[in-house]
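Welcome, and please open your viewer. We will go from the whole chain to a few selections, with a note on what to find at each stop.

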Amino acid sequence: MSKQSSNADEAQPESFVSHLIELRDRLLRSVIVVLVVFIPAAIFSGKLFTLLAAPMLSALSTDGGMISTEVAGPFLVPLKFAFALSIAIAIPYLLYQIWSFIAPGLYENEKRLAFPLLFSSTILFYCGIAFAYFVVFPLMFSFFPSVAPVGIEVTPDINHYLGFVLKLFFAFGIAFEVPIATILLIKAGVTTREKLAKKRQYVVLGAFVLGMLLTPPDIFSQTMLAVPMWMLFELGLVMSKYVGSPPEEDDEDSDGNDDGPAGDSARGGPAPDKPSPEGDLDEEEVISPAVMPQQARAAAQQANDEADDLEEDFDKLAEELDNLEDITDWVKTDDSGDESTADSDIVQKKQKKQVKSKKAAKKSVKKKKSVKKKKKAKKEKKTARKAKKSKE
């Protein structure tokens, strides 16, 4: 036994180190892919930045343009945008590496749900960026120069423009993930579709608050972000009808072979007395399949010992109740007169009540004992199944 435990202790650090090595390898692959995409993007960084600045340049006057207030700005700002673009292009591969790292630890139903969500979230993130570039930017950049005071020429700095644009790209990309967040909340059972529909006004308010926090301090961009978030929330509610229902829990008492207290009450039989706190099994002490076989056997043995101790206590209580059943022999009645007859009737009534209460207590103890045995059998079956799974 000691050799097995020592081997298990040695296996744990090795598995942890192997996970760290796998994480390091996947991070290196991700960095290499980003650098590979960055090299051609850096070569054409000037043209790429011109495409990024096209909505702003088209909104400015014919003689107007953008400026750079930093000495190395014309060289570094396009490179910054090329690096950010390379990360955005490599997002599918980065998500694939994350998925490959966490997939072995997921169940089959979780794998079936996680992969479509990762794919759809990537598509929605790109849709958010495209919406910001093709819809929001032309409207926003044509509005700002038009409201400039007389005598003020709008000539934005390229570094500030890049920060402004990247912030909006990120905000709209995250905002377009609202349907995925809605489906996950409903699928996980945190809330229901009906509750979210009733709290629609709070969602709209929260969309405007997030628009205020994620976008620059102007009401125009805030509204352009909040309205799509609201519409995407409605889309998430519609999609949750098909893929967002929470998983149904297994109900063991619904089987016809279940002889537990719930089964008796469901068949119309008399409801048993509520078991005492000492007779309750700790349902939370469930051994997961990841636990080693030695720990599973030790936990099962401990549960069996506790069950045996409780059974012995029930046996002692039943014996004491059997010894008290001859209480009728302790008091003798006297028929010599009316007063003695009345006293004897009162004594007999008390005796009958006491005997009935003792019998009822004995029956409840027997019922508790039978329930305890059934729960113990179920616990042993569960422990055996989970120990078998852990061995596999």
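## The whole chain

Of the 392 residues in the chain, 28% are buried (buried is under 20% relative accessible area, exposed over 50%, partly exposed in between, with a 1.4 Å probe and protein chains only). This is a predicted model, in which local features need pLDDT of at least 70 and side-chain atom pairs count only at pLDDT 80 or more, while totals for chains, interfaces and linings use all residues. Residues are numbered from 1 along each chain as its sequence is written, and side-chain values use heavy atoms, leaving out hydrogens and water.

Switch to a cartoon view: the chain has 13 helices and zero strands (DSSP runs numbered from the N terminus, helices being H or I with at least four residues and strands E with at least two).

## Helices H5 and H7

Select H5 and H7 next. Their axes lie 10 Å apart and the helices pack at an angle of about 160 degrees (axes are lines fitted to C-alpha atoms over the stretch in contact, and angles run from 0 to 180 degrees between N-to-C directions). H5 and H7 are therefore roughly antiparallel (angles under 35 degrees are roughly parallel, over 145 roughly antiparallel, 65 to 115 roughly perpendicular and the rest oblique). Show the side chains of Leu113, Leu117, Ser120, Ser121 and Leu124 on H5, and of Pro179, Ile180, Leu184 and Lys187 on H7, to see the contact (heavy atoms within 4.5 Å).

## Aromatic rings

How many aromatic pairs does a search of the whole structure find? There are 11 (ring centres of Phe, Tyr and Trp, the last by its six-membered ring, within 6.5 Å; planes under 30 degrees apart are stacked, over 60 edge-to-face, the rest tilted).

Select phenylalanine 38 and phenylalanine 83: this pair is edge-to-face, 5.8 Å centre to centre with 80 degrees between the planes. Phenylalanine 38 sits in helix H1 (residues 2-43) and phenylalanine 83 in helix H3 (residues 73-89), so the pair ties together parts 45 residues apart in sequence.

Move on to phenylalanine 131 and phenylalanine 176, a tilted pair at 5.7 Å centre to centre and 45 degrees between the planes. Phenylalanine 131 is partly exposed at 22% relative accessibility, whereas phenylalanine 176 is buried at 10%.

For the last stop, select Tyr133, Phe134, Phe137, Phe141, Tyr161, Phe164 and Phe169, which form one aromatic cluster.
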